[in-house]
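Hi everyone, thanks for coming. Let's take a few minutes to look at one structure together, starting with a helix and then moving on to some rings.

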Amino acid sequence: MTDLVFADESPELDTDGNAPKPLEPWVVMIVDDDVAVHQVTQLVMADFEFSGRRLQFLDAYSGAEARELLQTRRDIALILLDVVMESEHAGLDLARYIREELDNHHVRIVLRTGQPGQAPEEHVIKSYDINDYKEKTELTKRKLITVFYAALRSYRDIMIIEQSRLALRRSIDAITRIYDSHNLRRFASAVLEQAAHLLGYEAQGLCASRVAAYAASHIEGRLKVLAATTEYSRLLVDEEIGNLPAEVKLALDRALDDQISSFDAHHFVGYYRSSSGNETLLYMTFSEPVDAQSRELLEIFCANVAITYEALLLREEIQDTQRSTVYIIGEAVERRSKETGAHVRRVGELAALLADLSGMRSSEIEFMRQAAPLHDVGKIGIPDRVLNKPGKLDAEEWEVMKTHSRIGFELLSKSDKRILQLGAIIAHEHHERWDGQGYPRGLLGEQIHIAGRIVALADVLDALVSRRCYKESWNFEEALAYVQEQAGQQFDPDLVAKLMANLPAVKDIYVRYPDS
């Protein structure tokens with residue numbers, strides 16, 4: 001069993017003076033017990049080429065030898081199969097083995113026989129899943145070339161359909177996860193690969209985008225990879241454009257400088273500039289010249305990926321602004337009560353951690369992170385003489401202080417936005433106690449909303465370790481001891497247990513958000 005590859009000895013250079021990367025050859029297996037058949041077939045087809053790809057021959061001299069080889073290879077495009085080898089029907093048995101046991105319906109099988117009486121054509125075509133039937137005496141060079149063209153064209157089209165089906169499946173799977181710019185890359189890559197297959201070409205490429213400097217925010221106008229086919233997929237990990245092959249980077253630089261799309265026989269560079277100044281590039285290489293319709297489809301892809309990316313960036317910017325606004329409001333209330341540091345941020349992160357440990361969905365966890373910092377917004381309605389009193393509040397002052405829960409609820413519940421609705425619940429219930437002795441309504445146990453129970457624990461823990469106008473800060477161990485002592489009284493015992501079982505994550509929050 002041997003491998004034989006026919007290829008050009010002196011490949012032509014491309015426009016940049018580099019030898020183009022050769023395409024993978026078509027793999028053809030010859031299964032015949034006659035050595036001369038192998039030699040003649042390979043000699044006759046030595047200079048054959050289809051779709052820019054040469055031939056690689058695999059030799060098997062019996063059905064058993066072919067079975068062994070087929071168990072390790074799924075890239076065989078064509079099998080030239082003799083009928084009579086170690087038995088009178090060895091080839092027919094092998095054909096059935098390929099289709100039924102290996103479940104390989106892609107490879108094209110051409111039956112070649114020197115004894116047509118042993119395998120009548122009508123019976124074989126009807127009973128076996130083969131693609132052509134030839135008597136060896138009729139296989140001249142011209143007819144053999146015709147067989148190869150027909151079989152390889154059929155195999156290519158089958159593989160395009162199969163790859164498109166897989167790409168469509170990836171696209172459908174990925175489209176459900178396009179909720180941020182990072183997940184856009186997974187979807188766009190699946191669509192790009194599918195587009196290349198649907199065009200009917202062997203193609204590789206990538207799509208990259210550069211956000212306008214004035215709108216760049218934290219990404220500062222760098223060129224970032226948004227989509228890539230298999231050959232360039234590693235770039236989706238680190239997005240380092242500098243790692244691109246020199247000819248690809250040169251083509252992208254030219255497109256950015258000229259601000260137009262360009263193409264030649266085997267390359268396409270698409271350029272798209274959005275109304276806000278963001279630029280998106282598409283680089284593709286093809287095994288065959290691409291037509292005008294294919295280029296138009298690729299330009300549409302480029303433009304739509306650019307528009308989607310821009311929209312997702314804008315949405316992320318709005319979400320960041322919303323999150324920052326919540327923190328600013330929370331911190332403004334803390335400053336009014338002369339409480340400094342990162343209390344509201346830590347309460348948000350602690351609440352998100354406890355929400356995650358409680359099994360909430362990712363969207364609910366993010367809502368908790370954004371709503372929890374609003375827990376004390378009602379303090380905006382508390383007089384300074386009460387809010388900033390250094391000593392213990394008297395009975396009348398305490399009743400005034402307790403109204404901040406109701407004030408916060410009334411302020412936030414006026415909005416129909418989910419984050420503010422959740423913030424209203426938290427503001428209203430984060431001073432309720434598990435034992436029913438809290439305020440403002442004296443709710444008991446699970447009558448308290450889970451968000452209220454979570455923020456009650458997060459708020460008290462952080463308040464204990466923070467300095468206040470009425471007390472000095474506790475050390476972390478003292479605060480944890482108090483929290484454990486109050487499990488089942490002030491706090492939901494299950495939440496306390498989850499907190500204590502995940503102290504490294506809790507301490508990490510204090511490392512990331514220390515008091516200034």
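Where helix 17 starts, a side-chain oxygen of aspartate 492 comes to within 2.9 Å of the backbone nitrogen of aspartate 494. Please keep in mind that this is a predicted model, where local features need pLDDT of at least 70, side-chain atom pairs count only at pLDDT 80 or more, and totals for chains, interfaces and linings use all residues. Residues are numbered from 1 along each chain as its sequence is written, and side-chain values use heavy atoms, leaving out hydrogens and water.

Helices here are DSSP runs of H or I, at least four residues, and strands are runs of E, at least two, numbered from the N terminus. Helix 17 covers residues 493–500, with Leu495, Val496 and Leu499 buried (under 20% relative accessible area, 1.4 Å probe, protein chains only). Looking down the axis, these buried residues fall within an arc of 100°, so they line one face of the helix; the arc is taken from the directions from the helix axis to the C-beta atoms.

Now, the rings. How many aromatic pairs does the structure hold? There are 8 aromatic pairs, counted when ring centres of Phe, Tyr or Trp (its six-membered ring) lie within 6.5 Å; planes under 30 degrees apart are stacked, over 60 edge-to-face, and the rest tilted. Phenylalanine 48 and phenylalanine 148 make an edge-to-face pair, 5.7 Å centre to centre with 70° between the planes. Phenylalanine 48 sits in the loop between helix 1 and strand 3 and phenylalanine 148 in helix 5, so the pair ties together parts 100 residues apart in sequence.

How values were computed
Buried means under 20% relative accessible area, exposed over 50%, partly exposed in between (1.4 Å probe, protein chains only). A polar contact is a pair of N or O atoms within 3.5 Å; within protein, one must be able to donate a hydrogen and the other to accept it, and residues adjacent in sequence count only if both atoms are side-chain atoms.
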